[in-house]
Amino acid sequence: MRSYVGRLALSAITFLMLLGLGSPLGPPATQNAWARSRDAAVRLPVRVFARTGLHLGDLLWTGSRFLYTAEGGRALVLADSSGRTQGNLAVVPANGGEMRCVLSPGAHGFPSGAIFCHASANQIYAVNVATGKVSLFAQLPSRQSSDGALAYDSVGAFGYKMLAATGGSDGGSGGTVFAVGSDHSVTKIGAYAGPGGAEQALVAPRSLGAAGGRLLLTIDKHDHLGRLLAMDSAGHVQTLAGGLAFGLDPLTMLTSTPGLPIGAAARGLYIADWYSHNVLFIPASSLAPYAGSLLVTTERRGQFFVLRPSANGAYHLISLATDLHQPDYNFEGALYIG
């Protein structure tokens, strides 16, 4: 949760040790479960897209407008395609920390025209986009606070349910993943260990190699404990990347979302920065060399990575250069419109 920006110096490949032996995603051909390198060929241009005045916790594109949430706030704030705020869509009954939202798929029993939000005390709210009406959709059976990790399973490995993880920056002791069905049912999937807790969640597409269909969790823990986890539907967990100096937070696939209207929104990567209150932007054209990859950033220091599957079943984490120059950043959410 609070940040600092560092330089992304760029050099050759450095292999790190094998992590997460408990639930293999595929037999690695070497001793290394993942490899790390830096890409000096591209320097990503980053500009300020919108100055929101909010302690941003996340952002979402509804197909016609942006939606912002603020850390410790209850409001879902609407913005036009230029990022300019337009007032509140809705105000949820309670939220004392981070809250993150996903669009309803409008399929598999989930209503169309809705947004689901995971609040800090593990309420899952449903918000009607047309009317702003808020209802409690589900309550996770956990007293552990949450940083709002929430994802929809569009692959089907978890039965096309929503997946929500407890835990976060404050707890520091791992957390639990639950599946939430369209019938409001809540089922425990499994637990992940600390130190640190989940910030963001995403169900990996099949194109992401052996991790395809698994729930990815970014763990926000500094002191070389930042890591990316993958959990399968049986609750088995593997570390896809770890040993990172700063905790991980935003993650998104650099692919277009089928069926999601783009409208007047510029194509590219949008990043919510808590520290500056700004939404930052990288054009899609600059990210073309990494199309189809998973993008993940640190919460502090503004470090960017892409993760790609290797032919041997392992994963390759590539550090990217940017023209960020401020001494402090605090990235809390990312959105790719392709």
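Two strands are said to pair if DSSP finds at least two bridges between them, where strands (E, at least two residues) are DSSP runs numbered from the N terminus. The model is predicted, so that local features need pLDDT of at least 70 and side-chain atom pairs count only at pLDDT 80 or more, whereas totals for chains, interfaces and linings use all residues. Residues are numbered from 1 along each chain as its sequence is written, and side-chain values use heavy atoms, with hydrogens and water left out.

With that rule in hand, consider strand E24 (residues 304-309), which runs antiparallel to strand E23 (residues 294-298) and is joined to it by four bridges. Within this pairing, Phe304 of E24 is the bridge partner of Thr297. The two strands form a hairpin with five residues between them, and in the turn Arg301 has a positive phi of about 70°. E24 is also joined by six bridges to strand E25 (residues 315-322), again in an antiparallel arrangement, and here Phe305 has Ser319 of E25 as its bridge partner. The hairpin of E24 and E25 likewise has five residues between the strands, and Gly313 in that hairpin takes a positive phi near 90°.

The aromatic side chains come next. Rings of Phe, Tyr and Trp (its six-membered ring) pair if their centres lie within 6.5 Å, with planes under 30 degrees apart counted as stacked, over 60 as edge-to-face and the rest as tilted. On this basis the whole structure holds twelve aromatic pairs. In one of them the ring centres of Phe66 and Tyr270 are 5.0 Å apart and the planes stand at 55°, so the pair is tilted. This pair links distant parts of the chain, since Phe66 belongs to strand E5 (residues 66-70) and Tyr270 to strand E21 (residues 268-273), 204 residues apart. Both residues are buried, a term that means under 20% relative accessible area (1.4 Å probe, protein chains only). Ring pairs also link Phe49, Trp61, Phe66, Tyr270 and Phe281 into a cluster.

Ala90, located in strand E7 (residues 85-91), is buried as well, with a relative accessible area of 6%. Leaving aside residues up to four places away in sequence, Ala90 touches Arg74, Ala75, Leu76, Val127, Gly132 and Val134, where contact means heavy atoms within 4.5 Å.

Points are joined across faces, edges and corners, and a volume is the space filled by probe spheres set on them. The largest pocket has a volume of about 1200 Å³ and is lined by 39 residues, of which Val102, Leu103, Tyr152, Ser154 and Thr257 lie nearest its centre. The second largest pocket has a volume of about 180 Å³, and its lining of 14 residues has Val48, Leu280, His325, Gln326 and Tyr329 nearest the centre.

The count of cavities of 30 Å³ or more comes to one, and the largest cavity holds about 30 Å³ of space. Its lining consists of Asp58, Leu59, Leu60, Leu67, Thr69, Met99, Arg100 and Cys101, with the largest share, three residues, coming from E4.

How values were computed:
On a 1 Å grid over the protein atoms alone, a cavity is a set of points where a 1.4 Å probe fits but cannot get out, and a pocket is an open set with protein on both sides within 12 Å along at least five of seven lines; lining residues have an atom within 4 Å of a point. Buried means under 20% relative accessible area, exposed over 50%, partly exposed in between (1.4 Å probe, protein chains only).
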